[in-house]
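Subject: Structure for your review

Dear colleague,

Please find below the structure that I would like to hand over to you.

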Amino acid sequence: MIDAFKHCEPHVIACYVLQYEKPVLIDPGPQSGVHNVIEELKRLRAKPEVITLTHVHLDHAGGAAVLAKHLSAKIVVHPRGAKHIVDPTRLWEASREVLGELANVFGKPGSLEESMVVVTEDRQELDLGEDKLVILHAPGHAPHMQVYYLKEAKVLFPADAVGVGFDGHLIPSTSPPFDYSRALRTLERLRKLKVESVALTHFGLTGKEVIERAEEKIREWYELIERLLRKDEDVSALHKKYPENSVLISFFKASVQGIFRCAKEV
C-alpha cells in the first residue's frame, strides 16, 4: 500500500502494488500525488506493467496518464471511462463544478494516447503469474466503476463501491451521479465473493464485514433523505419544480449543510 496523498493529508488515498510475476498497480491516486507514488515504487523496486483503475474520478485516476508514461505501462479501465483517460477535458470541467477548489488540490489529469488504454469486460481476468485479478463491473458510485478481486489471495479492492473508512468507521461515498439501486446490487454481488481482506482506497486494509456494513449505511442514508422529502411538503415541492442546477436548489443544499453543522455541535 502506498499513501498517494500524504503530501496533503495522510491516510486518505491509497494505491496498491501487487508484486507478482506480472506486477500491477491499482488506482494511482491524484495527479498532485504522482511524485509520491513514483518515489515509493523506486523504494519498492517495483515497475508495474499495468495500471488498473477502479474509476476515473480525480482522487483515484488523476495521476494515471503521467504514471503510465513514466512506467511505459498500459491503463486498464471500464469502457465508459476510457475516453476520459484519453482526453480528460470534460472530466476536469465536471470535477471542478462538483468539487470546487478540491479539484485543484487533486490536480488536473494529463491526456494519454489511445493505444495505451485497455477497456475491460465484466468478469475478465488478468493473469499475474501466481494469481489472477478478476475485474467486476460495479456501477453505483459511478457508471464506469469496476472493482478487482485477487482470486487465490481472496483480497477485494472495491474503492468507493464500499465507501470511505477511517479508524474503524465507514462513510458511504454517494456523490453525484450516485445510483442507489445499482450500488446495492453491486454490494450484494461483492458479498457473495470469498473474501478474506478488503483493501480500501480510502483507506487501508479491513475485513469482509465492511461490505455488509456499507450496504446497511447506504440504506440508512437513503431512508433519512427520503423521509425528509416525504414529510416536508415544501422540500418535496421544491425538487419537483426546479432542476438540480437551479439557484433555489443550491440554496436548499446550503441550508442542509448549515443545519448539519449546527446539529453536529449539539
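In this predicted model, the largest nonpolar core has 34 residues, and Leu41, Ile51, Ile75 and Ile85 are the ones that touch the most other members. Two or more residues each are given to this core by strands S2 (14-18) and S5 (74-77), and by helices H1 (34-44), H2 (58-61), H3 (64-71), H4 (82-86), H5 (89-99) and H6 (101-106). The largest share, five residues, is that of H3.

Not counting residues up to four places away in sequence, Ile85 touches Leu53, Val56, Ala61, Ile75, Val77, Gly110, Ser111, Leu112 and Val117. There is also a second, separate core, made up of 23 residues, with Leu136, Val147, Tyr149 and Leu184 among them.

On the H1 side the contact involves Val34, Val37, Ile38 and Leu41, which meet Val66, Leu67, His70 and Leu71 of H3. By class, seven residues of this contact are nonpolar, one is polar and none is charged.

The second pair is H7 (residues 180-191) with H8 (residues 209-231), whose axes are 9 Å apart and which pack at an angle of about 160°. Because of that angle, H7 is roughly antiparallel to H8. The crossing of H7 and H8 is left-handed. From H7, the contact draws on Tyr180, Leu184, Leu187, Leu190 and Arg191; from H8, it draws on Ile211, Glu212, Ala214, Glu215, Ile218, Arg219 and Tyr222. This contact of H7 with H8 comprises eight nonpolar and four charged residues, with no polar ones.

One of the residues in that contact may be examined further. Is Glu215 buried or exposed? Glu215 lies in helix H8. Its relative accessibility is 9%, and it therefore counts as buried, since the limit for that class is under 20%. Leaving aside neighbours within four places in sequence, Glu215 is in contact with Leu184, Leu187 and Arg191. Leu184 also belongs to the second core mentioned above.

Yours sincerely,

A colleague

Technical notes: Residues are numbered from 1 along each chain as its sequence is written. This is a predicted model: local features need pLDDT of at least 70, side-chain atom pairs count only at pLDDT 80 or more; totals for chains, interfaces and linings use all residues. Side-chain values use heavy atoms; hydrogens and water are left out. Axes are lines fitted to C-alpha atoms, for helices over the stretch in contact, and angles run from 0 to 180 degrees between N-to-C directions. Helices (H or I, at least four residues) and strands (E, at least two) are DSSP runs, numbered from the N terminus. Angles under 35 degrees count as roughly parallel, over 145 as roughly antiparallel, 65 to 115 as roughly perpendicular and the rest as oblique. A crossing is left-handed if the near helix is turned anticlockwise from the far one by less than a right angle, and right-handed if clockwise. Contact means heavy atoms within 4.5 Å. Ala, Val, Leu, Ile, Met, Phe, Trp, Tyr, Cys and Pro count as nonpolar, Asp, Glu, Lys and Arg as charged, and the others, Gly among them, as polar. A nonpolar core is a set of buried Ala, Val, Leu, Ile, Met, Phe, Trp, Tyr and Cys residues joined through side-chain atoms within 4.5 Å. Buried means under 20% relative accessible area, exposed over 50%, partly exposed in between (1.4 Å probe, protein chains only).
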